[in-house]
Amino acid sequence: MAASKEPKTPSTTDPPQAGAEGLVPASPDTIDLGSLVDNLPGMAYRRLCDEAGTINFLSHGCRRLTGFEPTKFLGASVQTYRAIIHADDRDKVEFEISQAMKRREAFAIHYRIITADGTERWVSEQGSAILDDQGEIEAFQGYVQDVSALKKAEDAARSVALQESQNLTNELGNILDNSGNEIYIIDVDSLRFIDVNRGARQNLGYTIEELWELSPLDINPLFTADALADLVKPLHTKETDRIRFSTLHQRKDGSRYPVEVDFQLSKIGETAVYIAITSDVTESKSTELELRKLNRALRVLTECNQTLAHATDELPFLKEVCRILVEVGGYRLAWVGLREYDEGKTVRPIAQFGFEVGYLDKLDLRWSEEPEGLGPTGKAIRTGEIQTVQNIQCDPSFALWRKEATSRGYSSSIALPIKIDDQEPLGCLNIYARQPFAFNREEVKLLSELAVDAAFGIRIIRARKERDLVSSELRKLSAAVTQSPASVFITDLAGHIEYVNPMFIEMTGFAPEEVIGEHSRILKGEGTGSREYRELWQTIQVGEQWRGELHNRRRDGTLYWANVTISPIRNEQGEIAHFLAVEEDIDRHKQMIKEHEELEDQLRQSQKLETIGTLAGGIAHDFNNVLQAILGFAEIAVSDITENPSARSDVQEIIKAASRARDLVRQILTFSRQVQPERSFIDLRIAVAEATSLLRATLPSNIEIRQDVPHDIDLVFADMAQIHQVLMNLGTNARQAMKSAGGLLELELTTTKISKSGSLKYPTLAPGRYARLVVRDTGVGMDTSTKEQMFNPFFTTKEVGEGTGLGLSVVHGIISNHGGVICVTSELGVGSTFEVLLPHVEGVASERPAHPVGDVQGCERVLCVDDEEVITFMMKRALEKLGYHVTTSSNSSEALELIRQNPRAFDVLVTDKMMPGLLGTELIANALAIHGGLHVILVSGYSNEVSDAEALAAGAEIVLAKPVNMGVLAGAIREVMGV
């Protein structure tokens, strides 16, 4: 019931009030056991674990034991009871109880008290803690009884024993006290020391009286009662009369020393005793142990150095060092941790060997100033100094890790920082031993050398890796330069060539021995000026990179353009030592750019021509309507003028002029691709032969004609008349170019195949087979401006009176309309070459029926529809003169309504193709839906918005082109009527 200095958690139960007899009914259990407790000879108690240690229960035995009433102590501090404990025993009692409480164990202790009348009594107190649900101490309970009589009996027995010991000492005094060994006489039954000689007392540090209270188990930390019983059993069974063994003795101050023990069973008088003669072998053992440990450390150092000689990687090397420390050095665990430069400054284990069993997984090690960094490992890394812990059990630096370490048998440790030169430690080598005080000065010195060697090994391994990496990088760089698709050469600061790669040799044609030592100006061509070279040298000499294009010269004198990058190469001091030039031949690239620009010019020209063609087509469409009225009314006038020959002749001239205008419009429409030619499969050899024959008749004698035509050539689907026109126009153009000096005109015919890649030259052509017609002359040629405009119908180089200048534009329109392409190359003073490609097409052409021309009489009912009223008026006049019954309309919707009102009122519908509202094709389709027997003729102004095929598909039987001769129109009516 003595006080404990350890703070306790107060009980939540209020202390009950004392009863009249001193019993405290703390609980129903207490009430039930009250009478039993009161009859006990001693004193039962219960005290709370509050700050004061309040006593809340005492039995009636308090009065018999102490002489005080229970009320003196009930509800009071435990210090009140402590005051009656003998002053010499108070601290001992308090310490023993507090230690028992920390271990959560029961306790039993003897001490003296001073009763109410001043009498000194020996008491025995036994007690234990009461724990709550969380395992915290809630209260204490115990029992105190008077053992004064027992103590007197023991003292008497000890006095007798002392007398006997003195007698025995008298008998053996000279032997025991004068012996150089430790001699112990031990009672077999109680295992108490009966006598101990002077040598033993001096070594152990105990008095004889203190040793009488002890047994061999108290001075030998390796013994237990069972182990000692097993050890001496052969003596009792007479298997042997003597046992020899080595062990440790523990002095009063806790230190230990090795001993050799000779143990015998004997008798002194009637008393069975053990006689133990013990030799202190500290010096010999220490010397032997030190030599063994030093030899072991030397073997560790030697084997680690041998491992270093063959190490190629850090991690296997460090793992091998740990293995050697455990297997050769005999340590329990060795591990290496690296410092991390993260926010928490953690230590990361990377290698270990020995009895670890999850120890490293549980560590939270740091090298910071936080508690986790105050251990030996963290401090060694942080300070760079060796940290030795000789006793983990009590060293404060191991507080956070002591439980985990001691449970795995680690008793001492050393932390050796791993430092490369004077740098901060990169990590720490940690070694744990089974025994405390395992690391003496010499061993620490050898292990510190091992840490230095480990750091040296890491540096060597890293240097090897860096060297191998540099070597590998150099090999890669060499291979890259050697195999580079670009030309590479290196010069000195003056520009003299020091190295060239294989691509340089291939690109320039120079052999290495021809350029090494030569100045780089050996490559200089004519296309790069002095200013560019001056800027180049100014740039690289100040340490900057230069990029640009240079015109260089090959060994054979040919020139080429190169895209060049020149960079300074610096040495280890950062000074410019060389220049590196990387060149790429861009001749092909420049040619592609040029071809691309030419293609863009062709596309722009094509787009320009298409725009002009669209404009021309629109103008021609409207002009056809005007010509239709002029031609129609002129024809009516001719038929009406019979008596005035002069007037009739004038009108016929009008008709001729209108016809020439019609032909001119046809040329414009051909250029604008709005004329549908009458095509069939034709043999171009025939066309070339006929054209050549005609050209020979018209060309002057100073112009020679040659033709190269193969025996067989692919057929093309084309209009023969238009192909003739193309050949004649190209021939006429050549004649104009050679009219003054004469020359040579060549016509060549071949077959070619356009592949997918080849179509770059002819971007508008699809891959396939083509007939290739070439017309070449040696005339004056054309400049760039003329070539850009030669297909323009409004451009001409002819003088006034030499022609209209529409020849080449018509040729372009015909070829384009046939799905082909025409290309021109020309040079001033050399001549021009026109290349025509026409596709080879499979199939059979269908012939469109010809329409008769003439005055054909009829009586059918005709509905004429055109948005130009002057045209419908003219048609009505002309057809009625031929006997037809004509109804006209200038509105397609109105015409459809006329048919709907009286479907059988008309035999023939003549309608324009393009009209506001309903198109001609829509009018035809709707009219035929009302009157399926209606015959339809479509008159077209050559607009590209509705094709002839669409008109025929809509139901038109014949399609006529404006301006149409009225006799042709009448013949078409007769044709659709089947007469």
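Colleague: Which residue in β29 is the bridge partner of R861?

Modeller: In β29, R861 is bridged to H885. Strands here are DSSP runs of E with at least two residues, helices are runs of H or I with at least four residues, and both are numbered from the N terminus.

Colleague: What kind of model is this, and how are residues numbered?

Modeller: It is a predicted model, in which local features need pLDDT of at least 70 and side-chain atom pairs count only at pLDDT 80 or more, while totals for chains, interfaces and linings use all residues. Residues are numbered from 1 along each chain as its sequence is written, and side-chain values use heavy atoms, with hydrogens and water left out.

Colleague: Back to β28 and β29: in which sense do they pair, and over how many bridges?

Modeller: Strand β28 (residues 861–865) pairs with strand β29 (residues 885–889) in the parallel sense, over 5 bridges. Two strands count as paired if DSSP finds at least two bridges between them.

Colleague: How many residues of β28 are buried?

Modeller: In β28, 4 of the 5 residues are buried, and the strand is mostly covered. Buried means under 20% relative accessible area, exposed means over 50%, and partly exposed lies in between, with a 1.4 Å probe and protein chains only.

Colleague: How many bridges join β10 to β9, and how many to β6?

Modeller: β9 (residues 256–268) and β10 are joined antiparallel by 10 bridges. β6 (residues 182–187) and β10 (residues 271–280) are also antiparallel, over 6 bridges. V273 is, in turn, the bridge partner of D187.

Colleague: Which residue takes a positive phi in the hairpin of β9 and β10?

Modeller: G269 does, with phi near 65°, in a hairpin that has 2 residues between the strands.

Colleague: Where is K238, which has a positive phi although it is not a glycine?

Modeller: K238 is in the loop between α9 (225–236) and β8 (243–250), and its phi is about 65°. Its relative accessible area is 69%, so it is exposed. V357 is another residue other than glycine with a positive phi, near 45°. V357 is located in the loop between β12 (347–354) and α12 (359–362) and is exposed, at 55% relative accessible area.

Colleague: What are the buried residues of α13, and what covers them?

Modeller: In α13 (residues 376–383), P376, T377, G378, A380 and I381 are buried. Their cover includes β11 (333–339), β12, β13 (387–389), β14 (412–418) and β15 (427–433). Just after the helix, G384 takes a positive phi of about 75°.

Colleague: And with which residues is E369 in contact?

Modeller: Leaving aside neighbours within four places in sequence, E369 is in contact (heavy atoms within 4.5 Å) with L374 and R382. The C-alpha atoms of E369 and R382 are separated by 8.7 Å, and the two residues are 13 apart along the chain.

Colleague: One last topic: at what angle do α26 and α27 pack?

Modeller: Helix α26 (residues 892–901) and helix α27 (residues 920–930) pack at about 10°, with axes 10 Å apart. The two are therefore roughly parallel; that label applies under 35 degrees, with roughly antiparallel over 145, roughly perpendicular from 65 to 115, and oblique for the rest. S892, A895, L896, I899 and R900 in α26 meet L923, N926, A927 and I930 in α27.

Key:
Axes are lines fitted to C-alpha atoms, for helices over the stretch in contact, and angles run from 0 to 180 degrees between N-to-C directions.
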